[in-house]
Amino acid sequence: MPTLDTIATRLARCVELFRDPGAKDAQKAEFRVLLGLLKELPVTLTAAAGHLELNGVPCEGAALTGLIQRLDLHGVGSIALPQNPAPAQLFELLRALADQPGLEDFATRLGGSGGTGIRVTSAGEAEAPPPAAPAQRSPHDGVGPVVPVIPAADATRPAVPTLGTDGILRGEAMRDIRSVQLSGVPMVTHDPPPPPAARALPGQTAAQSVEPQEPTFSPSVPVPPAPPAPPRSGATPGAAAAAPRPGAGATGVLAELERNPAGGNVGDLLAEVIEQAEAAVKRNRLEEVLRLVAGIVRIEERLPEGSGARRQYGIAVRRICTKPVLEAVTRLVGAPKHRAEATLALRRAGAVAVEVLLRLLIAAPGMSERRAVFDALTQMTEGMEQVVQMLDHHEWFVVRNVAELAGELGMEAAIPALSRQLDHADERVRKAVALGLAKIGSRNAAEPLRRALRDKSPEVRMQVALGIGGRKSSALAMPLVVAMDEETDEAVQRELVLALGRIGSADAVQALIKFAQPTGRIFGRKPVGLRVAAVEALRLAATPAAVGTLQGLSDDGDKQVRAAARTALKELKRQPRG
């Protein structure tokens, strides 16, 4: 019989292989081995506090670290595998563990794939009690799906409207929203509606039915709206009349909030927005969720800071914008028609959205996905200190992506962390770091850039030249001139000269004039390519001294330099004068 340590190691190996789309053969081989091991006995896997247990026996080893991390990522507390599990169900379990978390919690996602023979418990949740009666199989076939018998309802459970907040949206949104009052005006409140009628499975008695822990919404089965509860005594008739109509659509609720964003019934309207957002999440209608969030954020921006109404909108945004929802919203960032609303929603979510975006930036499978997340991060206004922390990540591609982002944002605070990575063993990281420092281009970046200009790789030195430009980089002019004396690669020399032209400071222009002028007829004659590059750089600088030098070079003895100078003067004449 296999040991529990062996089963845990093989399971961890399977999950790791399933994360690699190119390892199909290895996946099949390891999957067959795991199936063989699970034929011997049922296994209950429990993860807590960074440790793993199988059937109550602690399992240790470096090979299990990745599995523990995946379980923590998906919020899984325990997984019960039956003896000889169905291959399809085990396959779906492994694939779900290898995938990134989605909108649904892990247990719901696995149940939706037909994996009823495998029980999954979320972290912090007690494992479900054993069924009152043995599972029954469908009479239509010999291997039909298991129909679990659901235990009786817990009579002690409080009957409060959760709006599904046992799942994605945490807390009691209706109560939280309505508890805030506007400038001393009492909000319209309603008595909590009675709990939904217990539903029994076919063949069960009413005593066996149970109130569902998390309501599900299916597009094919409409959910009738609950009748409106009468207002509490003391609520004004006008406020009661202004309460949202039962079943009013999202468009109608948002329109009413647009008309009167701080009205007496704003709490009820926002609570209905939360309910509609959750229903859209359950149906995987991400566009509708995004429209609701963007709508209330736009209205919130019109309200004065510190007002009671604005606080209520903030509560609604926090209730809707959980991490799973934000992860879903980021999928819409790459779509042109949703980009503006998705960016608005993510920016409003603040530091939490930055955390989600950085995780997705790390895991982005392709350039287009990475670019979409990258662009969204450049629009964020808070929580960006997390970018600096990511520059010390152990994965090379994470450091590369974040270094590019820091440069794009011009993050002065990232210079020390970027400087530490100039000695990174991977050239791709050093290229990104050099480019990031060059784009920041401040005086504090001068010393790290001097180091980058002495890198053994010409590609790294090239990135410094390509990234520098603008008046903000005037402090870098002299380091570039010094680097020109030491540079041996002609392509890098040309880019350094052009960088001086983009800087355009007095020191940079004086250096360019020297590079453009001819020297001795035979000895010490400068390469024509370098002089032509200097002419192009003088055109970029476009200062009076640069233009005067170009006029003198228009009669130069070298044909290429003369042609380049005349072309540069013509282009300067065509440019509009600022």
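**Entry 1. Glycine 501**

I looked up the burial of glycine 501 and found 0% relative accessibility, so glycine 501 counts as buried; buried means under 20% relative accessible area, exposed over 50%, and partly exposed in between, with a 1.4 Å probe and protein chains only. The model is predicted: local features need pLDDT of at least 70 and side-chain atom pairs count only at pLDDT 80 or more, while totals for chains, interfaces and linings use all residues. Residues are numbered from 1 along each chain as its sequence is written, and side-chain values use heavy atoms, with hydrogens and water left out.

I placed glycine 501 in helix α23. Helices (H or I, at least four residues) and strands (E, at least two) are DSSP runs, numbered from the N terminus. Which residues does glycine 501 contact, leaving aside its neighbours within four places in sequence? I noted Leu512, Ala537, Leu540 and Ala541; contact means heavy atoms within 4.5 Å. I also noted leucine 538, which is 37 residues from glycine 501 in sequence and 5.7 Å away in space, C-alpha to C-alpha.

**Entry 2. Helices α21 and α23**

I then examined how α23 (residues 490-503) packs with α21 (residues 458-467): the angle is about 15° and the axes are 8 Å apart. Axes are lines fitted to C-alpha atoms, for helices over the stretch in contact, and angles run from 0 to 180 degrees between N-to-C directions. This angle makes α21 roughly parallel to α23; angles under 35 degrees count as roughly parallel, over 145 as roughly antiparallel, 65 to 115 as roughly perpendicular and the rest as oblique.

On the α21 side I listed Pro458, Arg461, Met462, Ala465 and Leu466, which meet Ala491, Val492, Glu495, Leu496, Ala499 and Arg502 in α23. By class, this contact of α21 with α23 has eight nonpolar, no polar and three charged residues. Ala, Val, Leu, Ile, Met, Phe, Trp, Tyr, Cys and Pro count as nonpolar, Asp, Glu, Lys and Arg as charged, and the others, Gly among them, as polar.

**Entry 3. Helices α24 and α25**

I looked next at α24 (residues 506-516) and α25 (residues 528-541), which pack at about 150° with their axes 8 Å apart. That makes α24 roughly antiparallel to α25. Val509, Leu512, Ile513, Phe515 and Ala516 of α24 make the contact with Arg531, Ala534, Ala537, Leu538 and Ala541 of α25. I recorded nine nonpolar residues, no polar and one charged in this contact.

**Entry 4. The chain**

Finally, I noted 27 helices and seven strands in the chain. Of its 578 residues, 45% count as buried.
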